[in-house]
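Subject: Structure handover

Hello,

Here is the structure for you to open alongside this note. Please keep it on screen while you read.

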Amino acid sequence: MAERLVVIGGDAAGMSAASQARRRRGPEDLRIVAFEKGAHASYSACGIPYLVGGEVTDVESLVTRRPEVFRDELDIDLRLHSEVVEIDLDRRAVAVRGEGGGDPAWEPFDQLVVATGAVPGRPDLPGADAEGVYGVQTLDDGVALLRALEDKPRRAVVVGGGYIGLEMAEALVRRGLEVALVDAAEQPMSTLDPDMGALVADALRDLGVEVHLGESIEGFEESGGRVTAARTGNRTLPADLVVLGLGTRPNSALAEAAGIPVGDTSGIVTDRRMRTPVEGVWAAGDCVETFHLVSRRPVAIALGTHANKQGRVVGINIGGGHAAFPGVVGTAVSKICEYEVARTGLSTTEATRAGFEPVGGIVESTTRAGYYPGARTMKIKTIADRGTGRLLGAQIVGQEGAAKRIDALAVAIWNEMTVEEVSGLDLSYAPPFAPVWDPVLIAARKAAEHIDRLDGKA
């Protein structure tokens with residue numbers, strides 16, 4: 001009799017796991033059933049802000065693989081509008097409620113993959129459940145927001161200055177709305193150091209976004225059940241719609257209720273092969289905690305890149321192979337109209353908490369040779385450990401051609417290079433692509449010189 005694999009969650013991690021397992025084991029050996037509570041599976045959540053902003057014009061273009069492909073070509077029984085509401089480890093079964101509601105049906109499993117993703121932060125404040133207040137986490141959320149834009153709202157308030165908040169602010173500006181952004185932090189993008197976050201705040205203002213920093217939302221005003229304003233301790237901001245960009249947390253409640261261990265990050269605990277401590281139960285994607293290769297501590301970072309890699313690892317292992325997920329260095333990139341923002345490794349605060357003595361500085365350069373048409377400015381901050389010279393982190397804020405330089409710095413951090421070693425890297429040069437001294441090399445050399453000065457060598 002074929003073994004039965006149940007997958008909870010039909011997006012990146014879950015369907016990557018299912019697809020990889022199927023490549024290695026046929027339907028006569030492994031029956032695969034995947035449950036997805038939403039209307040879409042295997043889609044690019046990272047593309048939702050660009051769908052809302054109008055750069056992407058077709059919802060279906062964000063769908064990586066249509067349900068019938070999984071069903072007909074891969075023989076994966078993908079069931080949409082099917083929410084798993086309980087995991088019974090003793091019974092080796094999950095309870096599934098279908099689109100019509102009613103009592104859930106029990107579905108048995110031999111092996112289980114938990115890929116429940118993340119849930120957006122939603123404040124427990126007056127009016128937070130009013131019509132017109134949106135969290136944007138799934139493609140269904142994006143479609144709902146698109147429909148709201150058909151009513152021609154004029155004013156929007158974005159709550160939170162992280163990646164989602166900034167990208168949604170841009171999307172709404174592109175749609176012609178008056179946009180105000182509220183963040184309790186002193187600068188947006190808390191994953192950046194404050195001096196780099198200040199550059200992002202300036203970029204937002206240049207776009208016409210009304211920025212209110214150091215203010216917390218205290219509630220939402222409504223009329224007839226619909227939001228009309230967002231209220232902070234300092235002001236009331238009129239709003240036809242509100243978008244919550246308060247970050248996410250691992251959606252691990254279902255697993256935790258079943259007795260599957262969850263860590264201090266609220267993410268499901270796994271080993272490098274993505275196995276939970278429960279025999280036959282795997283987890284992958286935004287619902288798990290992973291290992292940070294610089295801080296050497298568990299972290300929960302919601303990124304599609306990690307989810308796809310972790311799902312692939314799960315599928316290979318279930319399929320009889322051997323694969324491991326090594327960890328992360330926290331590389332991320334975003335765009336705010338013409339401005340690009342990127343980071344990798346640790347911030348100064350994170351480095352201090354991890355026991356390092358961080359030093360470094362900011363350099364300003366250009367994306368091309370200064371004389372070449374179209375050269376744009378950028379600022380790069382490098383963070384190094386004073387004792388060893390090891391590169392710990394980097395941050396970039398600039399214009400076109402700036403952000404992808406973070407990849408070279410991420411590779412250097414991954415391989416535990418010193419800033420002196422990074423400053424000597426053989427990077428490409430031609431005037432249309434870089435100055436003769438690439439900004440990455442300049443930034444690394446700046447950090448190395450700073451360490452030399454602190455040690456009294458210069």
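First, a naming rule: helices (H or I, at least four residues) and strands (E, at least two) are DSSP runs, numbered from the N terminus. This is a predicted model, in which local features need pLDDT of at least 70 and side-chain atom pairs count only at pLDDT 80 or more, while totals for chains, interfaces and linings use all residues. Residues are numbered from 1 along each chain as its sequence is written, and side-chain values use heavy atoms, with hydrogens and water left out.

The sheet

Five strands form an open sheet in the order E3-E2-E1-E7-E18, with parallel pairing. Two strands pair if DSSP finds at least two bridges between them. Strand E3 (76-79) and strand E18 (281-283) stand at the edges. Each has a single partner strand, so one side of each lacks a neighbour in the sheet. From one strand to the next, the twist averages 15 degrees. Angles run from 0 to 180 degrees between N-to-C directions, and axes are lines fitted to C-alpha atoms, for helices over the stretch in contact.

Strand E1 (residues 3-8) and strand E2 (residues 30-35) run parallel and are joined by six bridges. Val6 has Val33 in E2 as its bridge partner.

Two helices touch this sheet. Helix H1 (residues 12-24) lies across E1, E2, E3 and strand E7 (111-114), at about 165 degrees to E2. Helix H8 (residues 304-318) touches E1, E2, E7 and E18, and makes about 155 degrees with E18. Contact here means heavy atoms within 4.5 Å.

Salt bridges

How many salt bridges does a search of the whole structure find? It finds 26. The criterion is a side-chain nitrogen of Lys or Arg within 4 Å of a carboxyl oxygen of Asp or Glu.

- Glu3 pairs with Arg25, with the closest N and O atoms 2.9 Å apart. Glu3 is in strand E1 and Arg25 in the loop between H1 and E2, 22 residues apart. Arg25 counts as buried at 13% relative accessibility, whereas Glu3 is partly exposed at 24%. Buried means under 20% relative accessible area, exposed over 50%, partly exposed in between (1.4 Å probe, protein chains only).
- Arg66 pairs with Glu68, again with a closest N and O separation of 2.9 Å. Arg66 is partly exposed at 39%, and Glu68 is partly exposed at 35%.
- Arg445 meets Glu449 at 3.5 Å, N to O. Both lie in helix H12 (residues 439-454), four residues apart, about one turn of the helix.
- Arg4, Arg31, Asp77, Arg79 and Glu107 are linked in a salt-bridge network.

Best wishes
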